Every structure is written in structure tokens, then in C-alpha cells.
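Dear colleague,

Please find below the structure that I was asked to pass on to you. I would be grateful if you could look through it alongside the notes that follow.

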Amino acid sequence: MASMSRDTPCSCDCFVSVPPASAIPAVIFAKNSDRPRDEVQEVVFVPAGTHAPGSRLQCTYIEVDQVPKTHAVILSRPSWLWGAEMGANEHGVCIGNEAVWTKEPVRAGEALLGMDLLRLALERGSTALEAMLVITGLLERYGQGGSCREDPAPFCYHNTFLLADRTEAWVLETAGRLWAAQRIQAGARNLSNQLSIGVDISAEHPELRSHAQAQGWWGGQGSFDFAQVFSLTQQPVRMEAAKARFRAGRELLQQRQGDITVEAMMDILRDKDSGICMDSGGFRTTASMVSILPRDLKRPCVHFLTATPDPSRSVFKPFIFGEGVTQAPQVLSPTFGAQDPVRTLPRFQTQVDRRHSLYRGHQVALGLMEAEQERGQKLRQKQHDLEREGLEVLWGLLAAGEGTPPPQQLGSLFQAFVEREGQAYA
């Protein structure tokens, strides 16, 4: 197993609220992506596509067989890789992933990253269950593996996933090619870099229990607690820290049971006391996302993304799949083609500047907030006011009798908010 240093980026937090935990008839999804502190996340829109029979698809490290049709997706991803830390598709499916280490060894060599599996599932699954089955099928065929950070020292892990759609959510936790899944049809749930599925297993790999028994991890009789059986006996320091974040996140959700809103999820992601809003050593929360998935199919799903680090000092901007959606260039990182350090072998021997224009402006704004109190307060107020406008759009869309704005307006919404945020920093 790859060793984890003091600055190892191994923390993320995912949350979901399913009615009646939500304040309205909607599933609410949220994630903080905690990564190396200087890593840039971009927000990428990929339209739906059709693909010729026999096509191959290049992921971060390996190729896989392409499918005939793929869904439109919006992704928040570390800009050096193909996959994503979190995202949504046009059918209202949202997914976030988490790093996890188990008794099952991390395989040597390159395969699909957990972030690749996440994007592939969004592109191929029209429900949370379908997306989960995409991941488990790809795990069986290709496996998971490869370095998960832009650094010459390899850093590898297994993955857990939180998948949600308009009606329910699924927790999928993996150990190599093995997996267990739990269906969430009501209530609130969170994940924090540890196995969390106990005996309440809704689906599992057919060889999960026999493998555990063969390894001497389970006696074969009585209840089968997946987390207990597959978790490391001695947890690394940061895995122990994840337990505290998991408990804090669960408590924050429980405090709001029955009254969980988009704003409540944003507040949770901004909670620094719990460590959920991360800024520690060599890593921090580099991007955040909150999505509301109404059960009323006439209401659009709305996805709020920051594209910048530290949600406590960032703007959640609304994205809606609609006519005329295009890529917002201000949140797209530069590309380096064949000379990209991820493409040249051996990988990651050099560094490149991947900052997109909104990230650069946000860096300046953070500097002002820290150095000049008065100007910093004015900038934070501008951020607050802009985010409030985005939430007002959401409230109008969800209000009974308001009706839905023209599709072309929905499609350009995110772009408009990105431009306005950039102007505030300029």
C-alpha cells in the first residue's frame, strides 16, 4: 500500500439528504473536495455524444471501450486528469468520491482512477443505481489504480462513492475489485474517507464474503459487517482524523433533520471547526458542490459549483442543463497537449501552471481579504450578494406556479454568474 505522509491529500466529505430529511420534496447532494492545496480544479461541461461501434476512450492512464451514447455532464475536476472529483449529468444523477484504504492491497500499475470511474458513471448512467452498476462493472473489467496526485511520488487508494438522483441515493464502497453498496431511500447520510457500510448491505460483489473468509478476516458465521471486516486494523493518522469529521458531519445533518436545504448544505461545507472545510498542512478544500434534485420532474435540477478553493470564501454558482449550454472559459484550465507532465513518461517530472482565470482572480481576492480588512469585507459582501442572487433563481424555479424560465436562459446561467464573479475580482 502506498504510504501516506503528513501532507497526504486524503480527506473529502460527501453528504446527501433524502426526504423526509430535506425541507422540501427533493434530494440534496453536497461535497467538499480536499486535495493538494495548490491543485487547481476546473469546471468542465461535456455535451451528450454518440460514438462509433468499436470506439476506444482514453481516460487518465488507460483506454476503455466506449459506449454508443453518453450523457451530458458537468464536472468539477483536478485539471490534470480526465475524470472528476464530483459532478452531475443531464438526468439528475450526482456523484462524489472519497479516498479509502482497506485490508485489500492497492494494486500496482495503472488502471482506472476512482475519479475516472465517477465520470464514466455519470456519462453512462441515467439513475443512481445505473451509475453504480457502471462503476462495479468497470471495476470488474479494468480494476482501479494509478497515482491520484500530480507528483512523482506515487499515491494510490481505493474509493468510496456517494451517488444520488431525484428519488434516492446509494453508497458504494470498494476494496480493489470487491464492493458493497447501501441504498438510501430516506434520511441523511455522509461519507468521510472510511468504510461506513456495516451489516445493512443492499448489494455486494458475489465473492465479497468468500474472499473475506479465505483471507481469515471473517469466520463465515453470523452477521457480516463490511466496514469491520475490511477496514485496516491499525488506521493511519489521517484516517483516524476522518472518523472525527464523519461524526461531526453526521451530527450537523442530524441537527437539521427534516429541515435540510441547499443553504444548510452550503453551511456544512463551510464549517471549519469540524475540519469539513479543510485547510491543514499541504492540502485544503479546493472545490465544492451542492445540488438540489427535485422529485417533481417539471422542476430542473440545480447544481451549485465554486470552481475555487475554500467554500467559506467562495461563491456557489448555479448550473442548469438547458438549451445553449456551453463551456465557461473562465473556469477552464490551459492545456499542454503531448507535453503535459501527465502524458510524458516518466510522469510528473515537471510542473505547469494550470490556473484558470477565475482561480487567478480568486487568489487575488483571498489575498485582499487577509491583508486589507475593509476591502476584504467589501469583496466578501460582493460574493455573498452574488450567491444570494443564485439562490433566488433557485427559489423561483422551485416555487409553485412560478413556471420555468426559457431553456436558453437556464443554459447560460452558470456562464453569467462566472462572468460577474470575475468582474467583482477585477
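This is a predicted model: local features need pLDDT of at least 70, side-chain atom pairs count only at pLDDT 80 or more; totals for chains, interfaces and linings use all residues.

Residues are numbered from 1 along each chain as its sequence is written, and side-chain values use heavy atoms, with hydrogens and water left out.

Helices here are DSSP runs (H or I, at least four residues) numbered from the N terminus. Helix α7 (residues 357–371) packs against helix α8 (residues 373–398) at an angle of about 130 degrees, and their axes are 6 Å apart. Axes are lines fitted to C-alpha atoms over the stretch in contact, and angles run from 0 to 180 degrees between N-to-C directions. The two helices are therefore oblique to each other (angles under 35 degrees count as roughly parallel, over 145 as roughly antiparallel, 65 to 115 as roughly perpendicular and the rest as oblique). In the contact (heavy atoms within 4.5 Å), α7 contributes H362, A365, L368, M369 and A371, and α8 contributes Q373, R375, G376, L379, R380 and Q383.

The largest pocket holds about 540 Å³ of space. A pocket is an open set of points on a 1 Å grid where a 1.4 Å probe fits, with protein on both sides within 12 Å along at least five of seven lines; lining residues have an atom within 4 Å of a point. Its lining has 23 residues, with P36, D38, E39, E150 and Q351 nearest the centre. The second largest pocket holds about 280 Å³ and is lined by 19 residues, with R77, S79, W80, L81 and D340 nearest its centre.

Yours sincerely

Definitions and conventions. Grid points are joined across faces, edges and corners, and a volume is the space filled by probe spheres set on the points.
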